[in-house]
Amino acid sequence: MKASTRTTVLRCLGNRRGQRRLGALTTVLFAGTLQLLNPTGAAAATGAYSSFGVADWDRDQHQDIIARNNATGDLWLYPGNSQRGYSNQTPVKIGNGWNGYTPFGTTDWDHDQHQDIIARNDTTGDLWLYPGNSQRGYSNQTPVKIGNGW
């Protein structure tokens, strides 16, 4: 990894799947890449992901990561388990067709006790609220347009 072409914004060390060595989960700004690095710095797994936020999406008292697979447009929930290291929770697909959207964040926008996603449709410039329902899976809530010209 060349420092001149990539900028690390988050690095978390952890014990991967019970192994007796540390790995690193690194978010890299360059090309929107989320990489899992082994202790030598070589990529153990890579994929182009965009972060949509960190929040307790499923209301289990643990912070989760929400990220889009840029190749497929699928939105994934990576459930956390409030421990330092790798989560033992299985990722869950919570959406599809998210290419063409820019994430603005994850929050309880409408104060209904459920985390929501705010994203811009890149074609129209419209800003959308995608209400969550605190479940590991697709939300059954209807998206709401909350702005335009973004």
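Figure 1. Strand 9 covers residues 116–121, and strand 10 covers residues 127–130. The two pair in the antiparallel sense over 4 bridges. Strands are DSSP runs (E, at least two residues), numbered from the N terminus, while helices are runs of H or I with at least four residues. Two strands count as paired if DSSP finds at least two bridges between them. Arg120 has Leu127 of strand 10 as its bridge partner. Ala119 stands opposite Trp128, again in strand 10. In a regular strand the side chains alternate between the two faces of the sheet.

Residue numbers start from 1 along each chain as its sequence is written, and the model is a prediction in which local features need pLDDT of at least 70 and side-chain atom pairs count only at pLDDT 80 or more. Totals for chains, interfaces and linings use all residues, and side-chain values use heavy atoms, with hydrogens and water left out.

**Figure 2. Four strands form an open sheet in the order 8-9-10-11.** The pairing is antiparallel. Strand 8 (101–107) and strand 11 (144–147) are the edge strands, each pairing on one side only. From one strand to the next, the twist averages 30°. Axes here are lines fitted to C-alpha atoms (for helices, over the stretch in contact), and angles between N-to-C directions run from 0 to 180 degrees. Strand 10 and strand 11 run antiparallel and are joined by 3 bridges. Leu129 stands opposite Val144 in strand 11.

**Figure 3. Trp109, Val144 and Ile146 make a nonpolar surface patch.** Together they have about 260 Å² of accessible area (Shrake-Rupley method, 1.4 Å probe; for residues, only the protein chains shown count as cover). Patch residues have over 30% relative accessible area and no salt bridge; nonpolar side chains (Val, Leu, Ile, Met, Phe, Trp, Tyr) are joined within 5 Å, like charges within 9 Å. A salt bridge puts a side-chain nitrogen of Lys or Arg within 4 Å of a carboxyl oxygen of Asp or Glu. Val144 lies in strand 11. Val144 is partly exposed because its relative accessible area is 38%, between the limits for buried (under 20%) and exposed (over 50%), with a 1.4 Å probe and protein chains only.

**Figure 4. Phe52 is a buried residue of strand 4.** Strand 4 spans residues 43–55. The relative accessible area of Phe52 is 2%, so Phe52 counts as buried. Contact means heavy atoms within 4.5 Å. Beyond neighbours within four places in sequence, Phe52 has contacts that include Ile66, Leu75, Trp98, Ile117 and Ala119. Arg68 is also in contact with Phe52. The C-alpha atoms of Phe52 and Arg68 are separated by 7.0 Å, with the two residues 16 apart along the chain.

**Figure 5. Asp58 is buried in a loop.** The loop runs between strand 4 and strand 5 (64–69). Asp58 counts as buried because its relative accessible area is 10%. Not counting residues up to four places away in sequence, Asp58 touches Asp64, Leu77, Pro79, Ser134, Gln135 and Arg136.

**Figure 6. The protein chain holds 11 strands and 0 helices.** Of its 150 residues, 37% count as buried. The chain exposes about 8900 Å², and carbon and sulfur atoms supply 50% of that area.
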